[in-house]
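Subject: Structure for you to look at, with notes

Dear colleague,

My notes on it come after the display.

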Amino acid sequence: MKLRSLLFPVLLLLGVSVQPAWGQAGIEILNVTTGPEGEQTYSVTLQILILMTLLSLLPAGLIMLTSFTRIIIVLALLRQGLGTQQTPSNQILIGLALFLTLFVMTPVFDQINVVAVQPYVQEELSAEQAVVEASGPIREFMLAQTRESDLAMFARISGRDGFESPDDVPFTLLIASFVTSELKTAFQIGFLILIPFLIIDLVVASVLMSMGMVMLSPLIISLPFKVMLFVLVDGWALIMGTLASSFFFT
């Protein structure tokens with residue numbers, strides 16, 4: 001009883017002291033102001049909340065809206081073809097994919113900085129206008145890498161007859177078509193990479209079979225030959241160059 005009797009006055013005092021602070025006009029947590037021309041201006045707190053929400057979606061955007069998907073799939077198939085198990089490790093492959101993605105997407109990011117980020121920082125554009133302007137370069141990049149057949153398929157599924165211009169394509173439909181095209185292109189490149197390694201595995205397996213060494217795994221013998229072939233042809237330079245050029249010459 002004594003403890004409860006002591007806590008009640010303390011809570012009462014805290015409530016009395018906090019209540020005037022919330023009543024002050026200077027504290028605006030969530031505030032949207034409508035301008036004379038109909039534009040809406042968000043409070044700083046609300047802008048920070050929206051920014052934090054967008055940052056939580058950044059990994060999904062990195063995977064779905066950039067060249068990362070194609071690059072990481074090709075690198076994973078390359079490791080599978082070499083038969084080196086966990087070498088290079090997943091961290092190394094993801095690091096390579098990230099920096100190669102940055103190299104490929106640099107022109108797009110520079111254009112976004114010019115048309116959206118800098119005008120927004122200089123208060124020439126609102127947050128909504130900056131988002132619309134930033135989506136333009138990304139949309140252009142995605143359309144350049146997307147097959148028309150994939151766009152037509154998703155347009156047919158969604159019940160849309162067709163689009164008069166690329167700007168009429170909804171962003172959700174474009175993302176689905178872009179990811180499908182990227183998966184298809186990545187597996188096509190991976191198929192071409194795996195063919196030489198498959199030939200080496202077949203030759204080694206045939207030699208071991210003819211020698212009666214059926215208990216010896218062909219992977220143990222073929223691994224040094226595949227690594228040697230990959231090093232002699234400067235495989236990493238070829239893979240990186242092919243992946244980078246596949247986005248610029250489509």
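Predicted model: local features only at pLDDT ≥ 70, side-chain atom pairs only at ≥ 80, totals over all residues.

The protein chain contains 10 helices and 2 strands, and if you follow it along the sequence the order is α-β-β-α-α-α-α-α-α-α-α-α. Of its 250 residues, 28% are buried, and the accessible surface amounts to about 16600 Å², with 71% of that belonging to carbon and sulfur atoms. When contacts between residues at least 6 apart in sequence are considered, 64% of them join residues that are at least 24 apart.

The salt bridges come next, and the count is 3. In one of them Arg 70 is paired with Glu 182, with the closest N and O atoms 2.6 Å apart. Because Arg 70 sits in helix H4 (residues 68-82) and Glu 182 in helix H8 (residues 171-210), this pair ties together parts of the chain that are 112 residues apart in sequence. Both Arg 70 and Glu 182 are buried.

Another salt bridge is formed by Lys 184 and Asp 150, whose closest N and O atoms are 3.4 Å apart. Here, too, distant parts of the chain are linked, since Lys 184 belongs to helix H8 and Asp 150 to helix H7 (residues 148-158), 34 residues away.

The remaining pair is Asp 201 with Lys 226, and its closest N and O atoms are 3.4 Å apart.

Turning to the helix packing, two packed helices are described by the angle between their axes and the distance between the axes. For H4 and H5, the axes cross at roughly 145° and come within 9 Å, and the crossing is right-handed. On the H4 side the contact involves Phe 68, Ile 71, Ile 72, Leu 75, Ala 76 and Arg 79, while the residues on the H5 side include Asn 90, Leu 93, Ile 94, Leu 96, Ala 97 and Leu 100.

Helix H5 (residues 90-121) also packs with helix H10 (residues 235-248), at an angle of about 35° and with the axes 10 Å apart; this crossing is likewise right-handed. In this contact, Leu 96, Leu 100, Phe 103, Val 104 and Pro 107 of H5 meet H10 residues that include Trp 236, Met 240, Leu 243 and Phe 247.

Finally, there is a nonpolar patch on the surface, formed by Phe 191, Leu 192, Ile 195, Ile 199, Val 203, Val 207, Met 211 and Met 213, which together have about 760 Å² of accessible area. Phe 191 is located in helix H8, and with a relative accessibility of 53% this residue counts as exposed, the cut-off for that class being over 50%.

Notes. Residues numbered from 1 in each chain as written. Heavy atoms only, no water. Salt bridge = Lys/Arg side-chain N within 4 Å of Asp/Glu carboxyl O. Helix = DSSP H or I, 4+ residues; strand = E, 2+ residues; numbered from the N terminus. Buried < 20%, exposed > 50% of the residue type's maximum accessible area, 1.4 Å probe, protein only. Patch = residues over 30% accessible without salt bridge, like charges linked within 9 Å, V, L, I, M, F, W, Y side chains within 5 Å. Areas by Shrake-Rupley, 256 points an atom, 1.4 Å probe, with all protein chains shown as cover. Axes fitted to C-alpha atoms, helices over the stretch in contact; angles between N-to-C directions. Left-handed = near helix turned anticlockwise from the far one by under 90°. Contact = heavy atoms within 4.5 Å.
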